[in-house]
Amino acid sequence: MAIIEMEINMKVRNETTIQEFILEGFPAIQYLGNIFFLMHLLAYLASITGNMVIIIITWVDHRLQTPMYILLSTFSFSECCFITTVIPKLLSIFLSGRQTISFTSCLTQAFSFLFFGSIIFFLMAVMSLDRYLAICKPLHYPAIMNLRVSFFLAFFFNALSFILITGLVLKVSQLSFCGPNVISHFFCDLGSLIHLSCSDTGSVEIYVFFLALLVILISLILTIIAYSNIVVTIVRLPSAKERQKAFSTCSSHLIVLSLMYGSCVFIYVKPKQTNRLDSNREAALVNTVVTPLLNPVIYTLRNKQVHQALRDALSRVTLQKQSFGG
């Protein structure tokens, strides 16, 4: 009898195990779907274009092949991958409403989102430290930061992110899903996915919480320390014009950092991933749409070196066209 009951239970479990999820998106504003589709499509294309310009110009112009710009181009590549993981599905939701996604595709999307997101946070911390060394320790900067160090840091944080996020996704993949299959989000957010599980999710939620502390808060603390020292150095500059210029650059950086860290702390740094699920969607739009749109402008397109490199590249293209035309 016990064996028969076990077999029946296994059959029932197999029959009720969810193989597909529904991404709910934003049902309250679905009637404005076409407008939001156009807005987010333009934002996505602008983000991809801005980041691709940074990547191409860094590798084409030898003057920009410095630790700062190598880190920035790695950051831009990660950001392109990060938003491409999410935005195409969001655009489909705005056009067609709810979207279905298989369990495997859902985990793949969640892995890609968190993997590239983690790399971005680590790189933001490293870039902040790079600016701290360049501004506050200019004499020691060449000895500490060079191309080899920047390539090593990029590789190290890619590997670390892969290990951390793979462990988390493997733990989530072992959960059972036998109840509702509607994810209250526009992508496979792990918090929303964990909420749908009919297993005990305590250990997974603790893992998520400590992972968020490691990735988000440690990089945030390093960034705050770096920029605090930068601000102190700027205040001591003798020229008012230099101070104003430096503060202008730092303030724009800090606005983007505040948006990115603020939204992610709100979403992930909490012991229970089932808390505030509805408001997570709006917060996630900040770091998947708003900051990727601002980052290319804030970090490099306002930079005189990049402007000069772009002008030189356009001049070369113009000369080549004229020579072919002649």
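The questions and answers that follow concern a predicted model.

User: Where does UniProt place the feature "transmembrane region"?

Analyst: The annotation comes from an unreviewed UniProt entry. In the model, one of these spans, residues 35–57, is 100% helix and 0% strand, with its end C-alpha atoms 33 Å apart. Another, residues 149–170, is likewise 100% helix and 0% strand, with end C-alpha atoms 31 Å apart. The record places the feature at residues 35–57, 69–87, 107–129, 149–170, 206–235 and 247–269.

User: At what angle do helix α4 and helix α6 pack?

Analyst: Two packed helices are described by the angle between their axes and the distance between the axes. Helix α4 covers residues 103–136 and helix α6 residues 147–173, and their axes are 9 Å apart. The crossing of α4 and α6 is right-handed. The packing angle of α4 and α6 is about 145°.

User: How many residues in the contact of α4 with α6 are nonpolar, polar and charged?

Analyst: On the α4 side, the contact includes Phe103, Leu107, Phe111, Leu114 and Ser118. On the α6 side, the residues include Leu153, Phe157, Asn158, Ser161 and Thr166. By class, the residues of this contact divide into 16 nonpolar, five polar and no charged.

User: Which cysteine does a disulfide join to Cys106?

Analyst: The structure holds two disulfides. The one at Cys106 has an S to S distance of 2.0 Å and is left-handed, with -120° about the S-S bond. This pair links distant parts of the chain, 82 residues apart, from helix α4 to the loop between β3 and α7. The partner of Cys106 is Cys188.

User: Are Cys106 and Cys188 buried or exposed?

Analyst: A residue counts as buried under 20% relative accessible area. Cys106 has a relative accessible area of 0%, and Cys188 has 1%. Therefore Cys106 is buried, and Cys188 is also buried.

User: What is the pairing of the bonded cysteines, numbered in sequence order?

Analyst: Cys178 lies in the loop between α6 and β3, and Cys198 in the loop between α7 and α8. Cys178 is partly exposed at 36%, as is Cys198 at 41%. In sequence order, the pairing is 1-3, 2-4.

Definitions and conventions: Residues numbered from 1 in each chain as written. Predicted model: local features only at pLDDT ≥ 70, side-chain atom pairs only at ≥ 80, totals over all residues. Heavy atoms only, no water. UniProt positions renumbered as here; feature names shortened; annotations may be inferred. Helix = DSSP H or I, 4+ residues; strand = E, 2+ residues; numbered from the N terminus. Axes fitted to C-alpha atoms, helices over the stretch in contact; angles between N-to-C directions. Left-handed = near helix turned anticlockwise from the far one by under 90°. Contact = heavy atoms within 4.5 Å. Nonpolar A, V, L, I, M, F, W, Y, C, P; charged D, E, K, R; others polar. Disulfide = S-S within 2.5 Å. Buried < 20%, exposed > 50% of the residue type's maximum accessible area, 1.4 Å probe, protein only.
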